[in-house]
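Open the model in your viewer and colour it by secondary structure.

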Amino acid sequence: MMHLYGSPAIDQEWARFKAGELFSATRLCRDHFDQNLSCGVPLQPGVPTMLQDIDATILPDRALVEDSYEPAGHRHPHKTNAKACVMALCMFAHLVPFGHRVISTSDCRLYIAVIGHLLPSMAEVPTIDGFQTCILLLLSQFYTGKLKSAAMTNSIAAHFVFYMGAHHEWPTQSSNQQNIEFESDGVSTHLRNLFWVCYTVDKELCLRIRQPSALNDDHCDLAVSLRYLETISSDFTSGLSLEKLHPTFLFPIDIKLSQIKSRAYESLYSKAAFRKSNMELLMNIRTLDASLEAWRIAVPENCRPNVTFYEMNMDPVDLRIRGLLLRLDYLYCVAIIHQASSRCLQSNMIFQGTGPAIGSSIALAVEASRCSLKSLRSACHILTKGACWLVLFNLLAASSLICSNILDNPASPSAVDDYELLADVPRLIGIISAHVSDFEESSHRDQLESFVKELIDVAESVVSIMSTT
């Protein structure tokens with residue numbers, strides 16, 4: 001089994017049996033390490049100016065980063081941590097652009113290598129600078145497809161979370177006496193924001209690489225303050241531009257949806273989940289589906305994802321990136337929850353009356369994937385520079401599941417339409433990534449496009465065989 005860029009797994013031997021062809025997984029390997037590390041890296045003067053134009057709570061608190069920037073150029077007990085924090089901010093701004101790039105691509109690569117080298121030692125004596133550095137590195141790795149590196153960084157980030165008491169809603173609940181220094185109002189609020197960044201990425205990684213969470217829900221206070229809910233709610237109607245990015249654009253911010261994803265992994269994809277009976281599995285799917293519907297109803301109406309799946313007729317004036325990202329995330333949740341029902345077909349114990357439920361659940365997962373591609377096809381024109389990396393995963397996940405469905409049901413009346421939808425994905429990738437100019441980013445884009453073309457070739461061979469029989 002291989003999980004490509006975090007997409008649903010495809011068994012290569014099964015694909016060979018169905019289509020007589022294989023596609024490679026090595027093309028999507030994004031992790032690499034630079035052995036020539038140097039800590040003598042000059043800091044860029046454009047950072048303070050860049051901070052004035054950042055309006056995003058997941059980024060380091062402006063005052064805290066300015067404090068970090070000051071000792072970065074002077075003698076300070078934590079000079080290395082402060083300097084790394086500034087480097088991480090420059091690196092993040094370069095990889096996930098919001099209008100300000102103050103370093104070159106070569107400097108960005110050097111910064112990544114230096115931060116990766118320093119991070120383990122920074123975790124030995126946790127500071128806010130170190131925590132911010134770790135979160136920015138985690139986001140950068142996560143959104144550029146370096147999921148193995150992101151998983152390692154996520155483990156270190158979880159260490160920061162627990163040591164600094166960020167897993168509690170209120171600092172006074174912390175059991176670690178060493179984190180009293182972090183319990184001022186401004187600092188504790190910022191730590192809580194950083195916790196939610198780490199939590200949401202952690203749950204995404206669970207599903208994408210099928211590994212246990214570093215932040216177990218039982219060990220975290222998942223209560224959400226009214227202030228935080230009001231912030232999220234206001235964003236549904238604000239329509240912020242990419243120059244004024246709110247955190248909702250940079251990571252799966254809807255923390256309630258992330259909690260459903262956490263339960264989905266534990267109930268459907270963990271080691272224990274694979275020991276469940278078909279009946280238990282179907283009951284878990286039904287429970288998660290009900291939770292997802294309750295979440296959907298609670299979303300403000302003007303940005304609520306559709307519960308029925310059809311090609312979107314969007315008014316370009318009203319269309320916003322936030323609404324698109326929320327819809328894609330919702331459809332992904334529908335797909336991963338109902339895709340698990342396919343395991344029941346592999347069992348010899350399908351109880352009487354469950355067959356139709358299994359079939360409709362699988363069909364719902366496939367339909368959600370179709371709708372994801374149709375949504376992107378209808379809205380790809382609004383994805384401006386830097387936004388393409390936020391939706392590429394959804395594109396690949398949906399393409400993989402649709403290809404799997406074609407291989408599994410080549411005689412289905414929808415197989416030809418699904419193939420045509422899949423065949424349009426390279427064009428969508430080209431439109432979405434039209435602003436990509438950096439060589440490494442272009443190379444990454446080409447690798448992903450090459451993988452999708454292999455999916456298309458495999459699907460085409462099956463459809464062609466069926467059309468001649």
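An angle between two helices is taken here between their N-to-C directions, on a scale from 0 to 180 degrees, with axes fitted to C-alpha atoms over the stretch in contact. Keep in mind that this is a predicted model.

First stop: select residues 388-408, helix H14, and residues 425-432, helix H16. Their axes lie 11 Å apart, and the packing angle is about 175 degrees. Angles over 145 degrees count as roughly antiparallel, so H14 and H16 are roughly antiparallel to each other. To see the contact, show side chains for Cys388, Val391, Leu392, Leu395 and Ser399 on H14, then Val425, Leu428, Ile429 and Ile432 on H16. By class, eight of these contact residues are nonpolar and one is polar, with no charged residue.

Next, select residues 128-143, helix H6, and residues 147-163, helix H7. The two axes cross at roughly 155 degrees and come within 9 Å. H6 and H7 are therefore roughly antiparallel to each other, and their crossing is left-handed. On the H6 side, the contact residues include Phe131, Ile135, Leu138 and Phe142. On the H7 side, they include Leu147, Ala150, Ile156 and Phe160. The contact of H6 with H7 has twelve nonpolar and five polar residues, and no charged ones.

Finally, zoom out to the whole chain. What secondary structure does the chain have? There are 17 helices and zero strands. Of the 469 residues, 55% count as buried. Among contacts between residues at least 6 apart in sequence, 75% join residues at least 24 apart.

Notes. Residues are numbered from 1 along each chain as its sequence is written. This is a predicted model: local features need pLDDT of at least 70, side-chain atom pairs count only at pLDDT 80 or more; totals for chains, interfaces and linings use all residues. Side-chain values use heavy atoms; hydrogens and water are left out. Helices (H or I, at least four residues) and strands (E, at least two) are DSSP runs, numbered from the N terminus. Angles under 35 degrees count as roughly parallel, over 145 as roughly antiparallel, 65 to 115 as roughly perpendicular and the rest as oblique. Contact means heavy atoms within 4.5 Å. Ala, Val, Leu, Ile, Met, Phe, Trp, Tyr, Cys and Pro count as nonpolar, Asp, Glu, Lys and Arg as charged, and the others, Gly among them, as polar. A crossing is left-handed if the near helix is turned anticlockwise from the far one by less than a right angle, and right-handed if clockwise. Buried means under 20% relative accessible area, exposed over 50%, partly exposed in between (1.4 Å probe, protein chains only).
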